[in-house]
Amino acid sequence: MTTGSPAPLVRFEGVARRFGDTAAVDGVTLDIAEGEFFALLGPSGCGKTTLMRMLAGFEAPDEGRILLAGKDIGGLPPHRRPVHMMFQSYALFPHLSVARNIAFGLRQQRMGKAETQARVEEMLALVRMEGLGERKPDQLSGGQRQRVALARAIAPKPAILLLDEPMAALDRKLREETQLELMALQRRLGMTFMIVTHDQDEAMVVADRMAVMRSGRIEQVGAPRQVYDHPASRYVAQFIGETNLFPEDQGWRSVRPEAMRISTDPADHARAGVVAEIAYFGDRTRYVVQTDGQKVVVSRANVGPPLPLALGDPVWTSHAADAGQLVTA
Amino acid sequence: MKRAWLAAVAPYLWLAVFFAFPFLLVAKLSLSHTVLAIPPYAPQLDLSQGHAGVRAFIHQLTFETYARLTSDRLYIASYLSSLRFAAIATGILLIVGYPIAYGMSRFGPATRQGLLMAVILPFWTSFLIRIYAWIAILKPAGLLNQALGVLHIAPLSLLNTDAAVIIGLVYAYLPFMVLPLYAVLEKQDESLIEAARDLGCTPTQAFWRVSFPLSLPGVAAGALLCFIPMVGEFVIPDLLGGSNTLMLGRTIWTEFFADRDWPAASAVAIVLLATLIVPIALFQRQQAKVLS
């Protein structure tokens, strides 16, 4: 371990989990630091959920170790791990009121009555649900249920909070608000959060660092900006955001659409093409240009005079020689 | 249009013909008195006399039989005994049926289908034959005592006792307890158990704090589904019970066929129905709640 950097809160060491012949998780080594908002990102079936469930104790690794604060927690059943999970379905207990849902974990910790009540009130305030403690889960809106599930998992003060696709059931506007709230909450509590998501925008917005997974392995770990600007592989470049891949000697140059230039005048090293698609987003316009052999995506900020382009117009696309990132495989 | 109208009315017509009309006949019988004649009761409704006949008929109806029911200790004892049998059997059914239903719901879908089939399979054999089979098991030289003999355990004389009636009731009604429990447990969201485990519950605690309270609608449905018909059960106490096993079904039978006291038998049946209306209404409300 390098001196100066604190010991990680969670360490996965060569963790593997197989279901039959298929390896859901295939040799993952990963550190998560205390107080970090960490995202596991990948398409469905990439193993991110299995990895999270192993940390919660619902799955046992076939290989490797999982350390929490330096201790191997492999032998501990879920109820003895200071790790709480917010389930994708929320899994609120339908027979219990909101307050009793939130108090559920506290009661298991044998917290006193007065203290439990105070903690429940504090949690209700934290998720802006004051006065709704006596409601039953089926009397709540989707967004409210999500906040109760969050409060219930946070109340017993876990060492790390696991969030399994926490915003999948929310509509887009609510999802964006919730992302920002979640970040503010995590900062305020100073708690370590690990989120599993297939939504790359979500991961980029909320996470301090993220791991991009593919077929049970980790492709790249880093801050969102670092992963976006310097994808480690062609897969990551394509999975995170949109990109153009231009073949080069040792692989491809991945150039993001916003780094591309589009012009009605021919320039040096420019590719000629015709406008195949125009999509107007208000703040920017997205052009797809059909060039010889490949489609090039260009995103242009809508500042200054608009480009007088129509479908089928001849255009030239180009990028700075050092733009983007060279990727292999 | 006409067909829709028929579809709406048909169930009520069915109920009127096969339930309301016989019920009214029984109610009428319970208000008449016995005579030595065929049929063995009076008054008879004579419609050929017109209004006068109906008036004369109504005039002769009497609540005397009901008064007799409340004064005769045999009937009261028979009621209480029936309720006691049904309550004990329901309690045992819950204790036996719950683990079976819970176990079934924990298996994979394919195994579950097989187990479900095994629970339903006895229905393919005649109910009467299955109860007769218990006579062969419980009689003094029956299968049970032969098995006990092999193990050098003193034989039990169970046949024609209240214990045999309880065994018969539990055996016959087990599917009616298991199926509603299974229906509720099988639907239970696995992630709720995981959430309980995640929040610090051992598997046992998770069961008592989450699975069990959520299965209470099934417990209520199963208990009522068994309790209600068991109170009026006739075949099981008749075949397996002793001469002094008191159950309402037998009392009604005796009044009808041995004493030829049709009014008394009808009155007992009407009172039985009146007592059961409360649990039946509870059952209906429970079902409505589960469906909503």
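## Ala237 of chain A

Ala237(A) lies in helix α8 (residues 234-239) of chain A; helices (H or I, at least four residues) and strands (E, at least two) are DSSP runs, numbered from the N terminus. The model is predicted: local features need pLDDT of at least 70, side-chain atom pairs count only at pLDDT 80 or more, and totals for chains, interfaces and linings use all residues. Residues are numbered from 1 along each chain as its sequence is written, while chains are lettered from A and ligands numbered from 1 in the order in which they are written.

Is Ala237(A) buried or exposed? Ala237(A) is buried, because 26 other C-beta atoms lie within 10 Å. A residue counts as buried if 20 or more other C-beta atoms lie within 10 Å of its own, as exposed if 12 or fewer do, and as partly exposed in between, with C-beta atoms placed from the backbone. Leaving aside residues up to four places away in sequence, Ala237(A) touches Pro231(A), Thr243(A), Leu245(A), Ser254(A), Gln325(A) and Val327(A). Such a contact requires that the C-beta atoms of two residues, placed from the backbone, lie within 7 Å. Arg253(A) is 16 residues away from Ala237(A) along the chain, and 9.9 Å separate their C-alpha atoms.

## A three-stranded sheet in chain A

Chain A contains an open sheet of 3 strands in the order β11-β12-β18, with antiparallel pairing. Its edge strands are β11 (244-248) and β18 (325-327) of chain A, each of which pairs on one side only. From one strand to the next, the twist averages 35°; the axes are lines fitted to C-alpha atoms, for helices over the stretch in contact, and angles run from 0 to 180 degrees between N-to-C directions. Strands of a sheet pair through backbone hydrogen bonds, either parallel or antiparallel.

β11(A) and β12(A) form a hairpin with 2 residues between them, and 5 bridges join these antiparallel strands. Two strands are taken to pair if DSSP finds at least two bridges between them. Strand β12 (residues 251-255) of chain A also pairs with β18(A), in the antiparallel sense, over 3 bridges. Arg253(A) in β12(A) stands opposite Phe246(A), and Arg253(A) also stands opposite Leu326(A) in β18(A).

## Chain A as a whole

The secondary structure of chain A comprises 8 helices and 18 strands. Along the principal axes, its C-alpha atoms fill a box of roughly 75 × 45 × 40 Å. Chain A has 329 residues, of which 38% count as buried. Of the contacts in chain A between residues at least 6 apart in sequence, 64% join residues at least 24 apart.

Chain A is divided into domain 1 (10-229) and domain 2 (244-318), with bounds that come from an automatic or database domain assignment. The centres of the two domains, taken over C-alpha atoms, are 40 Å apart.

## Chain B and its interface with chain A

Contacts link 14 residues of chain B with 17 residues of chain A. On the side of chain B that touches chain A, α9 (190-198) and α10 (203-231) of chain B each supply at least two residues. α9(B) gives the most to this side, with 6 residues. By class, this side of chain B has 7 nonpolar, 3 polar and 4 charged residues; Ala, Val, Leu, Ile, Met, Phe, Trp, Tyr, Cys and Pro count as nonpolar, Asp, Glu, Lys and Arg as charged, and the others, Gly among them, as polar.

## Confidence of the prediction

The mean pLDDT of chain B is 90, and 99% of its residues reach 70 or more; pLDDT is the predictor's confidence in each residue, from 0 to 100. Among the elements of chain B, α9(B) has the highest mean pLDDT (96) and helix α13 (residues 262-291) of chain B the lowest (84). For the complex, the predictor gives an ipTM of 0.88 and a pTM of 0.84.
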